[in-house]
Amino acid sequence: MSSWWRDVSQSLSSLFVGLGITWRHLFRRSVTLQYPAQRWQLPPRSRMRLFMKYEDCIGCGQCARACPVQCITIKTEKRPASLPPIWAANGQGIKLDLKVFDIDMSLCCYCNLCTYPCPTECLYMTPEYEFATTDLSQQLYRFAKPNAQFLTVNPKAGAPAATGGAGGGAPAGA
Amino acid sequence: MEALRTWLRDWSPVFAGLPDWAQLTLAALVPAFATMLFAALGPVGYVYAERKLAGFMQDRLGPMRVGPYGLLQTIADSIKLLFKEAIYPRGVDKRLFVAAPCLVVIGAYLPFVTLPFGGRSFGADLNIGVFYVAAVSSLSTVGLIMAGWASNNKYALFGAMRSAAQIVSYEIPGLMALISVVMIVGSLSLQDVVLAQAGGLQNWFLFRYFPLMPVAFLVFFVAGLAECNRTPFDIPEAESELVAGFHTEYSGFFFALFFLAEYTEMFVISALTAVLFLGGYLAPHESLQTLAFLGWPAVGLGPVWLVAKAWALIFVMMWLRWTLPRLRVDQLMYVAWKVLLPVAFALVVVIGGLVLWPVTAQGFPWDRFVGWPLTLAALLFLAYQAYVARRAPVGPYRELKA
């Protein structure tokens with residue numbers, strides 16, 4: 001009999017404890033984010049879609065070798081000597097013509113390993129994350145441009161040699 | 001109805017020109033349609049309220065996309081359900097399969113016949129009103145069992161069997177609690193039950209024979225919860241165990257009927273609890289019974305009070321649903337047969353005695369000399385038991401003692 005009373009009193013008191021908890025939550029602010037209308041403020045250096053600045057790429061292919069899932073395809077040709085010399089924004093000369101630079105974002109695992117070895121820092125991840133498509137082939141991003149405007153003057157030519165790549169001189173324009 | 005008829009006759013010369021039978025029929029149809037419309041469209045609001053409350057209690061927002069604040073969500077959902085195909089799985093007993101949801105809906109809507117929305121607004125003041133409501137609302141149990149049986153699905157059958165066991169068990173303490181009200185009133189008519197509570201808040205049955213009637217209220221409300229298969233008594237449709245219980249195989253319109261019946265039953269149980277214990281259509285104070293405080297003494301607030309009380313109880317039901325987990329079947333039976341039933345029987349005996357005993361029948365101040373001391377003693381005892389239970393070494397779980 002005493003266990004009966006204990007059961008009844010315990011269930012009644014615990015009932016009110018539970019009701020109190022839900023009552024308090026009833027007036028708490030909701031944590032829902034109304035997505036298309038409201039968005040998260042993304043943290044800096046978010047690893048989302050990759051972007052490559054074609055004009056700065058020297059075609060070294062280190063990113064493709066670093067990629068653990070082989071989602072970067074690079075094809076280069078030797079730049080003919082008859083053509084005027086061109087430079088990347090950090091002053092490195094571009095000796096190869098980049099014919100193909102494809103990144104298949106459907107394969108990408110967002111590890112960010114490709115951006116570290118890039119000598120000209122032309123490959124980086126952007127905070128852009130809304131690029132879902134209904135067709136998988138649209139996830140193949142072709143970064144090679146037919147008529148890119150390369151730097152024809154060495155941007156580092158006038159700078160003292162000691163500062164090297166740290167400062168990054170003003171771009172001299174096309 | 002008579003009042004409405006005279007009012008219509010004054011308002012429209014066309015109506016006054018009609019023959020008697022047409023006037024009577026029209027005057028009867030207006031409140032009938034109003035009640036039906038309220039009863040049929042109510043669930044749309046209750047479902048929305050339920051989803052919103054569930055959201056708020058879980059720190060979410062609930063439906064937000066269809067219409068402002070998701071107000072049109074349930075309307076969109078019901079339209080979707082109406083247009084969906086009704087699928088008859090292989091091996092169903094087609095006639096029972098179709099009849100079951102209809103029976104459930106009929107069982108849920110029949111109590112509206114005698115539900116007193118006001119001193120003059122009710123379908124019929126049956127002199128067996130309480131008995132009628134209790135009898136008619138168990139019609140939906142038959143529907144549930146039919147649905148489970150006709151579905152040719154083990155989960156549906158499990159759900160139906162569970163609902164049968166549950167409702168049969170919980171109807172007994174529920175009716176016992178109801179009998180204690182009926183004994184005080186001395187009549188089964190719901191209209192008489194309400195009028196016996198006239199005279200303000202302190203005359204509501206919830207506060208009569210003080211510690212006893214609140215317990216009766218609790219017993220009746222818990223039994224009512226079990227009868228509309230609401231959490232924590234939702235084992236007939238326990239979705240994590242039985243897919244969807246008795247309505248596993250139902251789709252489209254028939255599923256919508258089950259849904260409608262469930263929420264209508266919620267309103268009926270809440271309204272019935274309000275009528276039996278919370279003064280029905282009577283205001284907490286007589287001055288609030290009409291709009292006299294605004295200068296319109298002719299406008300009665302009866303239906304507003306009843307609906308407000310019923311909605312408050314519906315809120316409690318939803319609150320409980322999003323608070324409590326589902327009971328096991330054995331716990332369910334424990335609560336019904338070992339807790340509610342003895343309590344309800346004791347109530348019937350004690351309240352019956354108090355009604356018959358000449359001393360209390362002639363206005364002995366029961367509350368002051370017995371009620372409050374008894375309540376205090378009971379609360380102290382329960383608190384002590386809870387304290388002991390907290391101190392007692394509790395293992396991973398304690399077996400229920402047979």
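Two strands pair if DSSP finds at least two bridges between them; strands (E, at least two residues) and helices (H or I, at least four residues) are DSSP runs, numbered from the N terminus. In S3(A), A:Val100 is the bridge partner of A:Lys75. This is a predicted model, in which local features need pLDDT of at least 70 and side-chain atom pairs count only at pLDDT 80 or more, while totals for chains, interfaces and linings use all residues. Residues are numbered from 1 along each chain as its sequence is written, and side-chain values use heavy atoms, with hydrogens and water left out.

**Sheet in chain A**

- Three strands of chain A form an open sheet in the order S2-S3-S5, with antiparallel pairing.
- Strands S2 (72–78) and S5 (140–142) of chain A are at the edges with a single partner strand each, so one side of each has no neighbour in the sheet.
- From one strand to the next, the twist averages 15 degrees (axes are lines fitted to C-alpha atoms, and angles run from 0 to 180 degrees between N-to-C directions).
- S2(A) and strand S3 (residues 96–104) of chain A run antiparallel and are joined by seven bridges.

**B:Ser187**

- B:Ser187 lies in the loop between helix H8 (154–185) and helix H9 (190–195) of chain B.
- B:Ser187 counts as buried because its relative accessibility is 16%, where buried means under 20% relative accessible area (1.4 Å probe, protein chains only).
- The side chains of B:Ser187 and B:Asp192 make a polar contact of 2.8 Å (a pair of N or O atoms within 3.5 Å, one able to donate a hydrogen and the other to accept it).
- The side chain of B:Ser187 also reaches the backbone nitrogen of B:Ser189, at 3.0 Å.
- Apart from neighbours within four places in sequence, B:Ser187 is in contact (heavy atoms within 4.5 Å) with B:Val182, B:Asp192 and B:Val193.

Technical notes: Chains lettered and ligands numbered in written order. Buried < 20%, exposed > 50% of the residue type's maximum accessible area, 1.4 Å probe, protein only.
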